[in-house]
Amino acid sequence: MNLTIDHVTKRFGKKTAVNNFSVELNEGVYGILGANGSGKTTLMRVLATISRPTSGTIQLDGEDIFQLDHEYRELLGYVPQHIGLYKNFTAEKLLMYIASLKGLEREQAKKKVPELLELVGLKDHRSEKVGKFSGGMKQRVGIAQALLNDPKILIVDEPTAGLDPKERIRFRNLMSAIASNRIVLLSTHIVSDLDYIAKEIIIMKQGELVAKNNPQNLLKPIDEKVWLVTVSDEEITKYQNQYKMGNVVRRGNGIEIRLISDEKPAEDAIHQNPNLEDLYLFYFDEEAT
Ligand SMILES: Nc1ncnc2c1ncn2[C@@H]1O[C@H](COP(=O)(O)OP(=O)(O)OP(=O)(O)O)[C@@H](O)[C@H]1O
């Protein structure tokens, strides 16, 4: 299976949200990493056929997804950034209802819904109203509904917004578990969402593709550029102004800062192996999360 996004541009009036974006995807988990406003949601909505690109094409195995129309949508699962759930429905009832909207036979749904509740860890909460669920539980209902038709392409927009660390780990494990034989596309501005699970990371900045590669190769441009420096309270502002700065840790002998620099930033600077947070810092000159 091959999803080819070819020179896709999406404009809203004068605003270009996605600019000349080309990428080829096949089975596995892809993470789209970008700061707020970089165009992730817009791209995902186009891929989910909710909106049409201003120009460019998207093809699934050589056929235009807008021409394939419902044939494509039958293969698609989409979890939007903000999932509106019927608050007074129980998890089970809600999934049964969405299954009927998606055209599943009742018998089929009666088999599928318990399986999915089990998969997303909500079996014991199946009879509780989703309005009472935590953010993570709602997110899992969202994923379960997207999986009802056993989609070959799963698109999940900002999946971990508002989740606590435990729920995030759970989400990552769930994505790994369902990734085989599917194209899974996750958008996020949180680097740690993609650790371990993304086969490739796509970096998006101001609507454009900046890089696409596996995590290891993606780190190559900053291989020699990550440093640990111990500074005094007085020196910290100077470093802050001069470098892209990551973690700051107070130690007995001063403040330890992690920073990106082409050159060794200080006599006693220690070279560090880069990680995805450093990469985010390298591409987006703002605080890594
Ligand atoms: N319907 C719209 N009309 C006008 N501008 C829009 C519309 N949708 C998105 N934009 C603009 O396009 C740009 C990209 O937005 P988008 O929501 O795709 O980014 P994002 O990376 O998903 O950000 P976030 O994480 O904040 O949702 C932003 O500048 C946004 O204001």
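I started with Arg251, whose bridge partner in β13 is Gly254. The strand labels are DSSP runs (E, at least two residues), and helices are DSSP runs of H or I with at least four residues, both numbered from the N terminus. My residue numbers start from 1 along each chain as its sequence is written. This is a predicted model, so I kept in mind that local features need pLDDT of at least 70, that side-chain atom pairs count only at pLDDT 80 or more, and that totals for chains, interfaces and linings use all residues.

**The open sheet**

I then looked up the rest of that pairing: β12 and β13 (residues 254-260) run antiparallel over six bridges. Two strands pair here if DSSP finds at least two bridges between them. Both belong to an open sheet of four strands, in the order β12-β13-β11-β14, with antiparallel pairing. β12 (244-251) and β14 (270-271) are at the edges with a single partner strand each, so one side of each has no neighbour in the sheet. I also found helix α10 (residues 276-283) lying across β11 (226-231), β12 and β13, at about 130° to β12. For contact I took C-beta atoms, placed from the backbone, within 7 Å.

Next I went to β1 (residues 3-12), which pairs with β4 (residues 55-60) in the antiparallel sense over five bridges. I noted Asp6, with Thr57 as its bridge partner in β4. β1 is also joined to β2 by seven bridges, again antiparallel. Here Phe12 stands opposite Lys15 in β2. The two strands form a hairpin with two residues between them, and Gly13 in the turn has a positive phi of about 60°.

**The ligand shell**

Which residues come nearest to the ligand? Of 13 around it, I wrote down Phe12, Ala17, Asn36, Thr41 and Thr42. Near means that the C-beta atom, placed from the backbone, lies within 6 Å. β2 (15-25) and α1 (40-47) each give at least two residues to this shell. The largest share, three residues, comes from α1. By class I have two nonpolar, eight polar and three charged residues in the shell. Nonpolar covers Ala, Val, Leu, Ile, Met, Phe, Trp, Tyr, Cys and Pro, charged covers Asp, Glu, Lys and Arg, and the others, Gly among them, are polar.

**Two helix pairs**

I looked at α4 (residues 91-101) and α5 (residues 106-119): their axes come within 10 Å and cross at roughly 130°. That makes α4 oblique to α5. Axes are lines fitted to C-alpha atoms, for helices over the stretch in contact, with angles from 0 to 180 degrees between N-to-C directions. Under 35 degrees is roughly parallel, over 145 roughly antiparallel, 65 to 115 roughly perpendicular, and the rest oblique. In the contact, α4 residues including Leu95, Met96 and Ala99 meet α5 residues including Val113, Leu116 and Leu117. I have eight nonpolar, one polar and two charged residues for this contact.

My last stop was α6 (residues 135-147) with α7 (residues 165-178), packed at about 15° with axes 10 Å apart. These two are therefore roughly parallel to each other. Gly136, Gln139, Ile143 and Leu147 in α6 meet Glu167, Arg170, Phe171, Leu174 and Ile178 in α7. By class, that contact has five nonpolar, two polar and two charged residues.

Conventions: Two residues are in contact if their C-beta atoms, placed from the backbone, lie within 7 Å.
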